[in-house]
Amino acid sequence: MSSSSSISTSTVNGTTRITGLSSGIDVDSIVAQLTTAEKAKKLNKLQQKEQTAEWKQTAYQDIITDIQDFSSKYFSTTSSTSIMKASNFLQYTASSSSSAVTVTAASTAAAGSHTVAVNQLATKATLTSSTSISKDVQGSSAADYTSLTGESFVMTLDGTDYTVDLDDVNGTTGTAAITALQTAIDTAVGSGKVTVGTITSGTTTCLQFTAADSGVQAITVSATDTNSDGIADNAGLSDLGFGTGAILSNRLDTSDTLATIADQLKSSIGAATFGTAGVSLIINGTKEEFSSTTTLASMMSTINKADLGVTMSYDSITGELKMTADDTGAGDTVAVTDTDSSTSNFATLLLTNATAGVDAKVTIDGQALTRSSNTITLNGVTYTANAKTDTTTTADDGTTTTSNNATVSVTQNTSGVYDLISNFVDAYNTLLDTINTAIDANADSDYPPLTDDQKSSMTDDQITAWETKAKVGLLESDSTLTTFLSSLRTAVIDSVSGQTSSLSDIGISSGTYDEKGTLEIDEDTLKAAIASDPESVMTLFTQQSSSYPNNSTVRNLSSSALNTRYKQEGIAYRFYDILQKNISTVTDTAGNKGSLIEIAGSADFTTTTDNLSKLIAKYTTEIDTEQTRIDDYEDTLYDKYTTLETYINKMNSQLSSLSSMTSSS
C-alpha cells in the first residue's frame with residue numbers, strides 16, 4: 001500500500017484500490033459491511049448446508065461402523081463368536097481319568113463316557129550312531145611334569161567348571177605321575193567321575209581323560225585364566241601335552257566343519273572320507289550334498305528345512321548323531337544312504353543303528369485300533385495317547401489290581417453356549433440403544449452451523465459448546481435407520497419355519513415398549529433349554545434357507561427370493577440378510593450397495609457416489625461460484641469508491657489552485 005497526505009492505494013488480485021480521506025468516507029468499512037450483507041444472502045447458507053451434510057455423513061458413518069463391528073463379530077462364518085455357525089452351539093468339554101490319555105471334543109461329538117486302553121504308543125523311526133562318535137579328551141604330545149608348580153587347568157563336566165591344581169603332580173614320573181594326576185582330578189571334581197589314562201599315537205604316549213560308566217557325559221578341558229583377565233594363560237594344560245592338535249572335548253562342536261569333525265571321530269568308527277570329499281546323501285529319495293567346509297550345524301539346518309520327512313540332530317549329552325522321522329508309525333520313513341560310500345561315507349559310518357517306528361495300538365470302547373499317530377479322532381472326540389494306560393493299585397489288604405483303561409467323559413458345555421448367546425444379546429441391545437438415541441434426538445434450530453464471521457468473534461470453548469449442540473438431532477427420525485431397527489425387531493419375533501420353539505420359549509424376550517426392542521434373557525430358562533435340547537437352540541439361530549442357502553448370492557436375489565429365504569431362515573441368517581441390505585458394499589441387481597452405504601459411504605469404504613458425498617460436492621461447487629461472485633462484487637465496490645476518491649481529489653486540487661490564484665490577485 002502507498003499513501004499521500006490524502007489518498008491511500010493498494011492492489012488486491014491485480015486491481016488497484018484507492019481509499020483515503022479525500023472524501024471523508026471510510027471505504028473499507030463500508031465495503032466490508034456491504035460484502036458481509038451480500039454473503040448472508042446465499043454464501044453463508046450454502047456453507048452451513050455443507051457443514052450440516054458433513055456432520056450428518058460422519059454421524060451415519062459412526063453408526064455404520066458400529067453395525068459393521070456387530071456384523072463381523074456375530075455374523076461372519078470365520079468368527080469364533082458367530083451365531084451363524086452351528087458348531088458354536090454344540091460345545092462339549094472332554095476329560096480323562098488318566099494323564100496317559102488327553103482328549104478334546106468337537107461340535108460333532110456327543111455327550112457320554114468312553115473307555116480307552118493304550119497298549120502301545122506310536123514311535124518315530126530313527127537312524128543313529130550306536131554310541132558317542134567323537135574321540136575322548138586326549139593330548140597330542142607327551143606330558144612334561146617337571147614345571148607344574150603353581151600350574152592348573154580347567155575341567156568342565158556337563159557344563160560345570162572345576163579347577164584342577166597340579167602342584168602335587170609336579171616332579172612325578174611314569175605311573176606315579178598318572179596316579180598323582182588322577183588324585184588331583186578326583187580332588188577337584190570328585191572321585192570316580194573321570195579316569196586318567198594314556199593313548200599311544202605313533203611313538204608318542206599322550207594323556208587321555210575318559211568318563212567310562214561314571215554317569216559323566218561331556219568332558220572339556222581348557223587353560224586356566226590365571227589373572228582373571230579373560231585370557232586363558234596358565235601353561236599347566238599345555239605342559240600336560242594338550243597343545244596344538246589335542247582333542248580338548250569328547251563332544252563335537254557343531255560349528256566345526258565336516259573336515260574338522262572327520263578328524264575328531266573315534267578311530268573305531270573308521271576313516272571318514274567325507275572329510276575331504278564332502279557329504280552326498282539320498283534322504284527319502286532326495287539328494288542332498290554338502291562340501292567338507294560346511295559346518296555340521298549348517299548341514300543339519302539345511303536338511304531340517306528341506307521338508308525331507310526327517311530331522312537331523314546331534315545330542316551333546318550322549319554324543320550321538322541322529323536322523324529321526326518327522327512322523328510316527330511303522331513303515332520305511334527314514335531311508336538315508338550315501339550316494340557313493342567310497343567318497344562320501346557319512347551315513348555308512350555315523351548312521352548305523354536303525355530303529356523302526358511302530359504304530360499306536362489303542363482300544364476305545366472295546367474296538368481295537370491301530371494307527372500311525374498317537375492322536376486318533378473318533379466320533380468328534382480326539383484322543384491323544386501319551387503313555388500306556390497300565391496302572392496298578394494296591395488295596396489295604398495288599399491285593400493289587402491292574403487296569404489298563406482310562407475313562408473319558410464328554411459333557412455338554414452349557415455355559416459356553418449360554419455365553420455365546422448372552423454376549424450376542426448384549427451387543428444387539430447396545431447397537432439398538434445407539435441407533436435409538438440417534439434417531440430420537442431432537443435437532444435445535446437455534447444452533448445452526450457457525451459462519452466464519454461468527455466464529456471470529458467466539459472463543460474455542462464457545463465454538464465447541466455451540467457445535468456440540470448443533471450436531472444433536474442430525475439423524476432425527478431417520479427413515480432408513482428406523483426401518484433397519486424395525487426389520488431386526490421383526491426378525492426376532494417372527495417364528496422360525498419348522499421349529500416348535502421360539503426365542504421366548506428358550507428364555508429370550510423383548511423388553512417393554514419403552515425399551516424399544518431390546519432383548520432380555522432369563523438365564524435359568526435359557527441354560528435349561530441348552531442343556532435339554534441343544535440342537536433346537538442351535539437350529540433356532542442357524543437354520544438356513546433350503547431354497548436359497550448361499551450367502552454369497554444374497555445381494556443378487558430378487559425381492560421374492562429374499563422373502564422366501566427369510567421365511568425359511570433362522571434368526572441369525574435373517575439378521576445377516578438385514579445387515580447386508582444396509583451395509584453391504586456389494587451392489588445388488590439394481591446396482592445399489594447397502595442402503596446406509598448408499599446414503600453416506602463408510603469410514604473404511606471411500607466413495608464419492610454416496611448421496612451425502614454428492615451433496616457435499618454440489619455445495620462445494622456452489623460455494624466456489626458464490627465466493628467468486630462475492631469477490632467480484634467487492635472489487636466492483638472498490639472500483640466505484642476509487643473513482644469517487646479520484647474525482648474528489650482532483651476537485652480538491654482544482655479548488656486549491658483557484659484559492660491560490662484568488663489570494664495572490
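Predicted model: local features only at pLDDT ≥ 70, side-chain atom pairs only at ≥ 80, totals over all residues.
Biologist: Let's start with H12; how many residues does it have, and how far does it reach?

Modeller: Helix H12 covers residues 479-493, which makes 15 residues, and it reaches 21 Å from its first C-alpha to its last, close to the 21 Å expected at 1.5 Å a residue.

Biologist: Which residues of H12 are buried?

Modeller: The buried residues of H12 are Thr480, Leu481, Phe484, Leu485, Leu488, Ala491 and Val492. Seen down the axis of H12, these buried residues fall within an arc of 135°, so they line one face of the helix.

Biologist: Why would residues spaced like that point the same way?

Modeller: An α-helix has 3.6 residues a turn, so residues three or four places apart point the same way.

Biologist: And what is exposed on the other side of H12?

Modeller: On that other side, Ser479 and Ile493 are exposed.

Biologist: What caps the N-terminal end of H12?

Modeller: That is Asp478, which has a side-chain oxygen 3.1 Å from the backbone nitrogen of Thr480. Thr480 is also one of the buried residues of H12.

Biologist: How does H9 pack with H12, in terms of angle and axes?

Modeller: Helix H9, residues 414-440, packs with H12 at an angle of about 150°, and their axes are 10 Å apart. Since angles over 145 degrees count as roughly antiparallel, H9 and H12 are therefore roughly antiparallel to each other.

Biologist: Is the crossing of H9 and H12 left-handed or right-handed?

Modeller: H9 passes H12 in a left-handed crossing.

Biologist: Changing topic to the backbone, what is the phi of Asn284?

Modeller: Asn284 has a positive phi of about 45°, although it is not a glycine. Asn284 sits in the loop between strand S14 (279-283) and strand S15 (286-290), and it is partly exposed, with a relative accessible area of 29%.

Biologist: OK, and what about the phi of Lys516?

Modeller: Lys516, again a residue other than glycine, has a positive phi near 55°. Lys516 lies in the loop between strand S27 (508-510) and strand S28 (519-521), where it is partly exposed, with a relative accessible area of 32%.

Biologist: Now Arg565, is it buried or exposed?

Modeller: Arg565, which is found in helix H15 (residues 559-568), has 1% relative accessibility and counts as buried, because buried means under 20% relative accessible area.

Biologist: Which side chains does the Arg565 side chain make polar contacts with?

Modeller: The side chain of Arg565 makes a polar contact with the side chain of Glu569 at 2.8 Å, and it makes another with the side chain of Asp577 at 2.7 Å.

Biologist: Where is Asp213, and is it buried or exposed?

Modeller: Asp213 is in the loop between strand S12 (204-210) and strand S13 (219-223), and at 81% relative accessibility it counts as exposed.

Biologist: How many residues apart are Asp213 and Thr65, and what is their separation in space?

Modeller: Asp213 and Thr65 are 148 residues apart in sequence and 71 Å apart in space, C-alpha to C-alpha.

Biologist: Last one, where is Leu258, and what separates it from Phe346?

Modeller: Leu258 is found in helix H5 (residues 258-263) and is buried, with a relative accessible area of 0%. The C-alpha atoms of Leu258 and Phe346 are separated by 9.7 Å, with the two residues 88 residues apart along the chain.

Methods: Residues numbered from 1 in each chain as written. Heavy atoms only, no water. Helix = DSSP H or I, 4+ residues; strand = E, 2+ residues; numbered from the N terminus. Expected span 1.5 Å × (residues − 1). Buried < 20%, exposed > 50% of the residue type's maximum accessible area, 1.4 Å probe, protein only. Arc of directions from axis to C-beta. Polar contact = N/O pair within 3.5 Å; in protein donor to acceptor, adjacent residues only side chain to side chain. Axes fitted to C-alpha atoms, helices over the stretch in contact; angles between N-to-C directions. Parallel < 35°, antiparallel > 145°, perpendicular 65-115°, else oblique. Left-handed = near helix turned anticlockwise from the far one by under 90°.
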